[in-house]
Amino acid sequence: MAGLAISTLMGASSAQQSPDRAGMPVAMRSAATLRATAPAPAGLADAIALTVRQFQGKAGIAVVSVDQGWQVATGGEQRLPQQSVSKLWVAMTVLDALDAGRLTLSTPVTVTREDLTVFHQPIAAMVKDDGYQTTVGDLLQRALTESDNTANDRLLRFVGGPDAVRRFIAAKRLGDIRFGPGERLLQAQTAGLEWRPELATGNRFVRARAALPLAQRLAAYDAYVANPPDGAAPAAIAGALARLKKGDLLSPFSTGYLIATMEASKTGKMRLRGAVPTGWRFGHKTGTGQNLVGRTAGYNDVGILTAPDGRSYAIAVMIGDTPRPVGERQALMQSVVASIIAFHAPGTSMAGTASPGTGLGGIY
């Protein structure tokens with residue numbers, strides 16, 4: 001899985017650089033905030049606002065033009081749960097260490113049973129008594145394309161823990177983006193549990209959670225969504241993704257590698273990606289929280305949408321808490337993509353595509 005085709009990476013210097021050489025320091029552009037060089041398309045902000053108004057739940061949407069610097073947002077400044085969207089900041093911290101020469105994609109890493117987390121962790125099946133021998137690159141691929149929690153948390157500890165990621169976020173001035181304590185502690189806290197290592201195997205976490213009184217679970221859930229330790233503003237995330245695409249955050253190699261890996265993601269096919277037409281490229285990271293009495297503590301998709309003409313948009317759609325079914329959440333996300341595409345090239349036929357600001361009916 002670590003053998004992602006380097007030929008797909010952006011930039012001539014990226015294509016000529018091997019993963020092991022990518023550990024050499026590379027001069028980077030100043031991490032300045034994006035400045036608008038043109039106004040947002042007339043009507044796009046209204047379409048985004050209507051999309052949020054028509055949805056029942058706490059939601060925030062932000063769209064940034066990578067090329068022109070404009071931003072439109074509704075609810076973009078509120079701090080919403082990221083869940084696995086936060087894997088992006090772990091990956092960037094790892095790649096920043098790669099740029100500084102402290103590691104390479106082929107640096108060996110051992111995953112042991114003590115590293116196991118909760119929920120989605122396909123790598124757990126490979127971890128035997130003597131551990132699983134792998135590499136930084138393999139863990140990055142698993143964390144980003146499969147959203148493997150153990151792969152991500154092993155990288156997190158390998159690169160220095162939550163404080164290292166927080167330092168990266170602060171150093172790059174990414175704005176209102178929190179980073180939580182890691183998957184195990186975050187999910188235990190959200191469920192109202194105390195973390196114990198034995199909860200990582202079998203179905204023990206789910207059984208322990210189900211055994212709690214509903215009132216205790218609701219109190220923990222409500223406390224999490226009200227003030228998530230991994231909370232972030234959609235506008236900050238979209239701005240960070242725009243700067244990633246511009247090359248402001250990482251070296252050319254690491255920028256291309258990360259975007260190509262995001263484009264290879266296997267998750268969330270009916271979220272934002274569900275409305276991406278043929279000829280457009282989309283790299284993204286999803287995030288999904290725990291469910292309780294029909295509510296979900298975070299249902300997200302964020303990414304970079306690139307048109308056939310090369311122009312790009314950074315998108316963050318975050319649903320912090322909602323009772324609406326999954327299909328309606330996906331329709332909200334898809335309508336954002338449909339709106340961007342409609343306003344990207346005014347006058348272009350939108351046959352077969354939903355009107356901006358409306359649900360997408362049977363697409364999902």
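Predicted model: local features only at pLDDT ≥ 70, side-chain atom pairs only at ≥ 80, totals over all residues.
Local features need pLDDT of at least 70 and side-chain atom pairs count only at pLDDT 80 or more, whereas totals for chains, interfaces and linings use all residues. Residues are numbered from 1 along each chain as its sequence is written, and side-chain values use heavy atoms, with hydrogens and water left out.

An open sheet contains 5 strands in the order E2-E1-E11-E10-E7. Its pairing is antiparallel. Helices (H or I, at least four residues) and strands (E, at least two) are DSSP runs, numbered from the N terminus. Two strands pair if DSSP finds at least two bridges between them. Strand E2 (71-74) and strand E7 (281-288) form the edges, and each pairs on one side only. From one strand to the next, the twist averages 5 degrees; axes are lines fitted to C-alpha atoms, and angles run from 0 to 180 degrees between N-to-C directions. Strand E1 (residues 58-65) is joined to E2 by 4 bridges, and the two run antiparallel. Alanine 62 stands opposite alanine 73 in E2.

The structure holds 12 salt bridges. A salt bridge is a side-chain nitrogen of Lys or Arg within 4 Å of a carboxyl oxygen of Asp or Glu. One of them joins arginine 154 and aspartate 115, at 3.4 Å from N to O. This pair links distant parts of the chain, 39 residues apart. Arginine 154 belongs to helix H5 (residues 149-159). Aspartate 115 lies in the loop between strand E4 (108-111) and strand E5 (132-135). Both residues are buried (buried means under 20% relative accessible area, exposed over 50%, partly exposed in between, with a 1.4 Å probe and protein chains only).

Another salt bridge connects aspartate 321 with arginine 295, with the closest N and O atoms 2.8 Å apart. Aspartate 321 is in strand E11 (residues 312-321) and arginine 295 in strand E9 (residues 295-296). The two are 26 residues apart and link distant parts of the chain. Both aspartate 321 and arginine 295 are buried.

Arginine 311 and aspartate 309 also form a salt bridge, and their closest N and O atoms are 3.1 Å apart. Arginine 311 has a relative accessible area of 31%, so it is partly exposed. Aspartate 309 is partly exposed too, at 47%. Elsewhere, salt bridges that share partners join Asp115, Arg154 and Arg157 into one network.

Aromatic pairs number 3. Rings of Phe, Tyr and Trp (its six-membered ring) pair if their centres lie within 6.5 Å; planes under 30 degrees apart count as stacked, over 60 as edge-to-face and the rest as tilted. Tryptophan 70 and tyrosine 313 have ring centres 6.0 Å apart and planes at 45 degrees, so this pair is tilted. Tryptophan 70 sits in the loop between E1 and E2, and tyrosine 313 in strand E11, 243 residues apart. Both are buried. Phenylalanine 119 and phenylalanine 205 form an edge-to-face pair, with 5.2 Å between centres and 75 degrees between planes. Phenylalanine 119 is in the loop between E4 and E5, while phenylalanine 205 is in helix H8 (residues 204-210). Phenylalanine 119 is partly exposed at 37% relative accessible area. Phenylalanine 205 counts as buried, at 3% relative accessibility.

Tyrosine 299 has arginine 271 over its face, at 3.8 Å from the ring centre. Arginine 329 also lies over the face of tyrosine 299, at 5.1 Å from the ring centre. A charge sits over a ring if NZ of Lys or CZ of Arg is within 6 Å of the ring centre and within 35 degrees of the ring normal.
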